Amino acid sequence: MDGLGDRAAEDPGTTLTRAAALALLDQGADALDGGDPEAALTHLERVARLAPAELAGRGALGAAESCARLRRDTEAEAWLASAIDSGDRETRFLALRKSAVEAVRIGDRKSTRLNSSHANISYAVFCLKKK
């Protein structure tokens, strides 16, 4: 399980008012800006799980960013998928964009790793041939 279902079971039947959800989104954004992704994740997960549908996607997108900063890639992907599935058009677009950027970043990391390995192997072969 991706962990999202586990969190949804924590507060069955509880929902946030729009005002409370907006306040938690602000607190989460402030925590991210302040360099505390763990605190941000606490606020933003709550919004994603308990806010009205039009705000839950924003919470999921923020939770994905928090998880990415914490290097919790699998959890970030799950939150991005949740944001992509949200009904809010702008949130969906932002989540799709972030998902595409992450896919390129991961691809670039693999490419860089392969290229640097290739250079090391080539140098080692050169040294062996030189003897």
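Where does L70 lie?

Analyst: L70 lies in the loop between α4 and α5, where helices (H or I, at least four residues) and strands (E, at least two) are DSSP runs numbered from the N terminus. Before going further, please note that this is a predicted model, in which local features need pLDDT of at least 70 and side-chain atom pairs count only at pLDDT 80 or more, while totals for chains, interfaces and linings use all residues. Residues are numbered from 1 along each chain as its sequence is written, and side-chain values use heavy atoms, with hydrogens and water left out.

With a relative accessibility of 25%, L70 counts as partly exposed, a class that lies between buried (under 20% relative accessible area) and exposed (over 50%), as found with a 1.4 Å probe on protein chains only. When neighbours within four places in sequence are left aside, L70 is in contact with P37, E38 and L41, contact here meaning heavy atoms within 4.5 Å. P37 is 33 residues away from L70 along the chain, yet their C-alpha atoms are separated by 6.7 Å.

Of its 131 residues, 33% count as buried. Among contacts between residues at least 6 apart in sequence, 55% join residues at least 24 apart.

α4 and α5 pack at an angle of about 160°, with their axes 8 Å apart; axes are lines fitted to C-alpha atoms, for helices over the stretch in contact, and angles run from 0 to 180 degrees between N-to-C directions. The two helices are therefore roughly antiparallel to each other, since angles over 145 degrees are given that name, whereas those under 35 count as roughly parallel, 65 to 115 as roughly perpendicular and the rest as oblique. α4 passes α5 in a left-handed crossing, a term used if the near helix is turned anticlockwise from the far one by less than a right angle, with clockwise being right-handed. In α4, the residues G57, A60, L61, A63, A64, C67 and A68 meet E75, A76, W79, L80, S82 and A83 of α5. This contact divides into 10 nonpolar, 2 polar and 1 charged residues, where Ala, Val, Leu, Ile, Met, Phe, Trp, Tyr, Cys and Pro count as nonpolar, Asp, Glu, Lys and Arg as charged, and the others, Gly among them, as polar.

P37, one of the partners of L70, also takes part in the contact between α2 and α3. Helix α2 (residues 18-33) and helix α3 (residues 37-50) pack at an angle of about 160°, with axes 8 Å apart, and they are therefore roughly antiparallel. Their crossing is left-handed. A21, L24, L25, Q27, G28, A31 and L32 of α2 make this contact with P37, A39, A40, H43, L44, R46 and V47 of α3, giving 10 nonpolar, 3 polar and 1 charged residues.

Within this pair, G28 belongs to helix α2 and is buried, with a relative accessible area of 0%. Leaving aside neighbours within four places in sequence, G28 is in contact with A40, H43 and L44. The C-alpha atoms of G28 and L44 are separated by 5.7 Å, although these residues are 16 apart along the chain.

L44 in turn touches L25, G28, L32, G59, G62, A63 and S66, not counting residues up to four places away in sequence. Together with W79 and A95, L44 has the most contacts inside the largest nonpolar core, which has 26 residues; such a core is a set of buried Ala, Val, Leu, Ile, Met, Phe, Trp, Tyr and Cys residues joined through side-chain atoms within 4.5 Å. α2, α3, α4 (53-69) and α5 each supply at least two residues of this core, and its largest share, 7 residues, comes from α4.

Finally, α4 also meets α2: their axes come within 11 Å and cross at roughly 20°, and the two helices are therefore roughly parallel.
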